[in-house]
Amino acid sequence: MHKADDTAIECHHCGAHCQFGIVTFDNYPFCCEGCKLVYELLKNNDLCNYYALAQHPGLQQIKPSTKEKFAYLDDPQVQQKLIQFTDQTISLVEFYLPNVHCSSCMWLIEHLNRLDKGVLESRLNFGKKTVQIKFLNAETSIRKIVSLLSMIGYEPYISLDDVIHKEAKNSSLDKSKIFKLGIAGFCFGNIMMMSFPEYLSDSISTIEQHYTSLFRYINLLLSLPVFFYSASEFFITAWKGFQQRFLNIDAPIALAILITFSRSVYEIISHTGAGYLDSMSGIVFFMLVGRVLQERTQASISFHRNYTSYFPISVSIIKEEEVSTKQVSELRAGDRILLHSDEIAPADCIVKKGTAFIDYSFVSGESTPIRIKENELLYAGGKQISDTIELEVVKPIEQSYLTSLWNHFSFTKNKEEENKRISFIPVLSNYFSSILFAIAFLTAVYWYFVNPNFILPSVSAVLIVACPCALLLTSTFTNGIMMKLLSDHGLYLRDASVLEQLSKTNHIVFDKTGTLTHGHYLKKLSEYASLNDAQKSWIYSVALPSQHPMAKALCTYLGKQEVCPVSNWTEVIGAGIMATVAEKNIQIGSKGFINAKQDVTEANLWIAIDGEIVIAFESISQLRNDLPSLFSRLKNRFQFSLLSGDNEKDKALMQGIFPKEAILQFGQKPLDKLNFIEGLQAQSKRVLMIGDGLNDAGALQQSNVGITLSENINNFSPSCDAILDAKQFGQLPNLIKLARFSNTIIAITFFISILYNIIGIGISVQGKLNPMIAAILMPTSTISIILLTTGLSYWGAQHFFKATTT
């Protein structure tokens, strides 16, 4: 039953406002038949507790899918690559579910066995949004399970990239750093506890010698896993730098750890002292804490994606009048394939049967669908928005236009390593290491002439106390906390090097469609007949079922109207809609579709009732909120450019919001965007590129910092340096200010760290450093750096965003 309602009623399942009519069932309102169907399914299986765990747990409307959508999952070769384990009776698979968001999701997914009797067990990893499902092969199948998950609103993300790089992805999930951190923390705590009698030995005269020796040897035993396992990555990185004739920041750290451990072993075995094992294990522990903190910030988001991330694993192929499935990677020229509605063409093809209406916005940036007739070429990456069509492959995926774009050199360069090379940290480490070794040499020369017995203690003390951990902790902890704070406000960085490069940018290049604009609104140009309430209801009822952006914009323009019975409803993709309401013929669409004779140049949406034109609209791109103020807040720091794949229809609109000196270019192909950014960089510009589609991927990769704007950060987006939540786009100036503030924090804490090193070295060169002083100086400097960095970072976030960050 459909009815209109003037109040903002929310769907019982997904929480969306029922602005296009209400579907009522069991006295609950639903926004669409899909949400009602899920409710019925859960109710019939006694799973309505799902709605008691959270309000509107469904998150999003349920979109219907074709029966053939998951047919490729019946292919044994595809199944073999997806199944993690099978013994012919029971199989185990794992899927990524982007829409998981709350405890209700977890509860429902872990009760799949109530919806499909063939499912034995389903376990959800909420942090990674992955579900592992164990099922009986005789009772159900991968296709049925995926269809069920899709039906209840948790469609798994399965792509060609998942199959090609499955082994590489699994191997990249290395937890060794967590194990190293745990071992270092355990040993550090126990070594500190065992060392307290040594610290207080001057005031405890009753301590017995054999207990002292026992504690020292226990400390030595505890230090072995720290030195040989937890600290291994510092030695490995330092050695790699040495092989390239470069002293990286890990070189002095590795040397300090080596000297500290060696001197401690000598003192304990020779019974001349307790050594510095507490300091050594503390260095390793705190350094690992900082690095793990950085990695955790972006661990659940993928920043490295190419065209294979967007293609399905298999497609429907026609062979001898029979339809089967074939993996996309095995497509060859001459293969006949079926492309269903909302599917992406996986290769360059010729249209053999049917008319294609292709959305190339993800590849070229052009948002207007293109009509491609039979025997015309359709490029890989285009999305079919009409009915099923039959295609013939002319170039396999590896030879397509899209792949040729991806083979550009900008995609092969290692951007992370390039950012690290131009970072100030390696430069600092080079100077620091050189100065440190010079001081150690001068100390040795001085004591050689004054008292040779002090050479070894003084030189080793200089190398120990001047360990750059305080300096490195400054950047490590600052970057780690800043990445966490930026992610709290919707900006997710790939790694710490992006933070430094973002603060150096001085030119921003924007994409238009999907970045500066989202959706459309209608501007009334001509009204040939005054519309009464009944006519508005008729038009509203005809536009309501369509998913076209202009139809949705028309419903928004009309506001909530009574939904009337509609018959003979027909949508001609790329042209318009026609239907019968109250015995009236309603037409909504283009000028040619309506056969309008009036001359209104800018009009692109016409409405006719019984053949009479009643109103004409211009569809205008809708700008994101706060866009004008965004440019005014950034113009003192940045220059701007616009690169759009669209035509110039929105040029006047863009000129109204961009500064006069900004460069605006339209009709830009992906390679044009990439070359434009190369040109800016040749002029010594540091470029920040902000885009949203696959057509921006080359420009994002070529830029100094590439940010992908995403309506949902868990959805898959082009390879980039950072992902920005679209809801936080207006906060871009504050996000950049916070990134730049990290440099200020690092400068302040660097100054304090240098003071600490000066004091420590001053004591060391005199040969007066003993375990008591080292035990106080080392932890005090480290903890003070951590507290100061944390405090300044959170203060900066509160200052720039005017709100408390948790």
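Hi everyone, and thanks for coming. Please keep in mind that what we are looking at is a predicted model.

Let's start with strand β25, which covers residues 639-643.

Now for its partners. Strand β18, residues 507-510, runs parallel to β25, and four bridges join the two. If you want to find that pairing on your screen, look for Ile508, which stands opposite Phe640 in β25. β25 also pairs with strand β26, residues 663-665, again in the parallel sense, this time over three bridges. Here the residues to look for are Ser641 and, opposite it in β26, Ile663. How does the chain get from β25 to β26? It passes through helix α23, residues 651-657, and this β-α-β crossover is right-handed.

Next, a sheet with antiparallel pairing. It is an open sheet of six strands, and their order is β9-β8-β10-β16-β11-β14. Which strands stand at the edges? They are β9 (322-327) and β14 (377-378); each has a single partner strand, so one side of each is left without a neighbour in the sheet. For β14, we can look at the pairing with strand β11, residues 348-353: the two are antiparallel and share two bridges. Within that pair, Cys349 has Leu378 in β14 as its bridge partner.

Let's move on to a single residue, Asn704. You'll find it in the loop between α25 (697-702) and β28 (705-710). Is Asn704 buried or exposed? Its relative accessibility is 12%, and buried means under 20%, so Asn704 counts as buried. What does its side chain touch?

Finally, let's go to the surface. Phe449 lies in helix α15, residues 424-450. Phe449 is one of the residues of a nonpolar patch on the surface, together with Phe441, Leu442, Val445, Tyr446, Tyr448 and Val450. Together these residues have about 820 Å² of accessible area.

Methods. Residues are numbered from 1 along each chain as its sequence is written. This is a predicted model: local features need pLDDT of at least 70, side-chain atom pairs count only at pLDDT 80 or more; totals for chains, interfaces and linings use all residues. Side-chain values use heavy atoms; hydrogens and water are left out. Buried means under 20% relative accessible area, exposed over 50%, partly exposed in between (1.4 Å probe, protein chains only). Patches are made of residues with over 30% relative accessible area and no salt bridge: like charges are joined within 9 Å, nonpolar side chains (Val, Leu, Ile, Met, Phe, Trp, Tyr) within 5 Å. Accessible areas come from the Shrake-Rupley method with a 1.4 Å probe; for residues, only the protein chains shown count as cover. A salt bridge is a side-chain nitrogen of Lys or Arg within 4 Å of a carboxyl oxygen of Asp or Glu. Two strands pair if DSSP finds at least two bridges between them. A crossover is right-handed if, with the strands pointing away from the viewer, the path from the first strand over the helix to the second runs clockwise.
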